[in-house]
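This note is intended for a colleague meeting the structure for the first time. The points below proceed from particular residues to helix packing and then to the chain as a whole.

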Amino acid sequence: MRTAGVLLVLIGIALLLLQFRPAFLEPLRVYAPYIKGAFWGVTFIAGGLYLLARGFWRKLVLFLYLLYLVIYLVV
């Protein structure tokens, strides 16, 4: 449940920034097709690293994947 809460908060912050400052994600618009095209590759790599890692590294993999997911959903 905690992971879902973090994901929802990050998506909400990104959407609010996009609403109030549309130029916030402008640099990422160039890379949007690549970000969307790499979704399954990033998902499988993150899943594998999550299963292999322990402790701090597991949390880091989860955080980086959630960050990618937020960028994927907003761009």
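1. F63 is placed in helix 5 of what is a predicted model. Its relative accessibility is 43%, and F63 therefore counts as partly exposed, the class that lies between under 20% for buried and over 50% for exposed. Although F63 and T3 stand 60 residues apart along the chain, their C-alpha atoms are separated by 9.2 Å.

2. A14 belongs to helix 1, which covers residues 2-20. Is A14 buried or exposed? With a relative accessibility of 9%, A14 counts as buried, because the cut-off for that class is under 20%. When neighbours within four places in sequence are left aside, A14 is in contact with V70 and V74. The C-alpha atom of A14 is also separated by 11 Å from that of Y72, a residue 58 places away along the chain.

3. The packing of helix 1 and helix 5 deserves attention next. Their axes are 10 Å apart and meet at an angle of about 40°. The two helices are therefore oblique to each other, and their crossing is right-handed. On the side of helix 1 the contact is made by T3, V6, L7, L10, I11, A14, L15 and L18, and on the side of helix 5 by L62, L66, L69, V70, L73 and V74. By residue class, this contact of helix 1 with helix 5 comprises 13 nonpolar residues, one polar and no charged.

4. How do helix 4 and helix 5 lie relative to each other, and at what angle do their axes cross? Helix 4 (residues 39-52) and helix 5 (residues 56-74) have axes that come within 9 Å and cross at roughly 165°. Helix 4 is for that reason roughly antiparallel to helix 5, since angles over 145 degrees are classed in this way. The crossing in which helix 4 passes helix 5 is left-handed. Helix 4 contributes F39, V42, T43, A46, L49, Y50 and L51 to the contact, while helix 5 contributes R58, V61, L62, Y65, Y68, L69 and Y72. These residues divide into twelve nonpolar, one polar and one charged.

5. From P27 to R54 the sequence separation is 27 residues, and the C-alpha to C-alpha distance is 34 Å.

6. The protein chain contains five helices and zero strands, so that from the N terminus on its elements read α-α-α-α-α. The C-alpha trace spans about 40 × 25 × 15 Å along its principal axes. Of the 75 residues in the protein chain, 24% are buried.

7. Two remaining values concern contacts and surface. Among contacts between residues at least 6 apart in sequence, 70% join residues at least 24 apart. The protein chain exposes about 5,800 Å², of which carbon and sulfur atoms supply 75%.

Technical notes:
Residues numbered from 1 in each chain as written. Predicted model: local features only at pLDDT ≥ 70, side-chain atom pairs only at ≥ 80, totals over all residues. Heavy atoms only, no water. Axes fitted to C-alpha atoms, helices over the stretch in contact; angles between N-to-C directions. Helix = DSSP H or I, 4+ residues; strand = E, 2+ residues; numbered from the N terminus. Parallel < 35°, antiparallel > 145°, perpendicular 65-115°, else oblique. Left-handed = near helix turned anticlockwise from the far one by under 90°. Contact = heavy atoms within 4.5 Å. Nonpolar A, V, L, I, M, F, W, Y, C, P; charged D, E, K, R; others polar. Buried < 20%, exposed > 50% of the residue type's maximum accessible area, 1.4 Å probe, protein only. Areas by Shrake-Rupley, 256 points an atom, 1.4 Å probe, with all protein chains shown as cover.
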